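Me: I would like to learn how to read the overall fold of a protein and then one of its helices. Could you take me through an example with care?

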Amino acid sequence: MTEQQEKQRRYALAKSGGVCEVCGQRPLSGALQGAHRIGNTKSNRAKYGDFIIDHILNIGMTCSLRCNGALDISRNEGACIALCKAIYEREALKYQTGRQ
């Protein structure tokens, strides 16, 4: 696992409070897994770019493959656009120098 992937998972774990974001269960012995909201596929990388697919806001914590699949919004174009908007707005804040 890369350092960036570790950072993504730590952020997602902290954000989820240690419970599955889909079912709300607290899994035994660290069984939580990082799940992409917009799936990590070749077609999604081509459509949205590595920046979106690898962004920490695109990662959530789930307890199982079933919940991992339920977190996937790849087939919901509106939800994907809303997530992309949230990611770009968050990143844009890093470059703002003052209010206009």
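Reply: We can begin with contacts, meaning heavy atoms within 4.5 Å: of the contacts in the protein with a separation of 6 or more, 69% are between residues 24 or more positions apart. This is a predicted model, in which local features need pLDDT of at least 70 and side-chain atom pairs count only at pLDDT 80 or more, while totals for chains, interfaces and linings use all residues. Residues are numbered from 1 along each chain as its sequence is written, and side-chain values use heavy atoms, with hydrogens and water left out.

Me: In what order do the elements of the protein run from the N terminus on?

Reply: Helices (H or I, at least four residues) and strands (E, at least two) are DSSP runs, numbered from the N terminus. Here the order is α-β-α-α-β-α-α, with five helices and two strands.

Me: Which residues in α5 are buried?

Reply: Buried means under 20% relative accessible area and exposed over 50%, with partly exposed in between (1.4 Å probe, protein chains only). In α5 the buried residues are Cys80, Leu83, Cys84, Ile87 and Glu91. They cover an arc of only 100° around the axis, taken from the directions from the helix axis to the C-beta atoms, and therefore lie on the same side of α5. These buried residues pack against α2 (42-48) and α3 (50-53), whereas the face turned away from them carries the exposed residues Ile81, Lys85 and Leu93.

Me: With which residues is Glu91 in contact, leaving aside its neighbours within four places in sequence?

Reply: Glu91 is in contact with Phe51 and His55, once those neighbours are left aside, and its relative accessible area is 12%.
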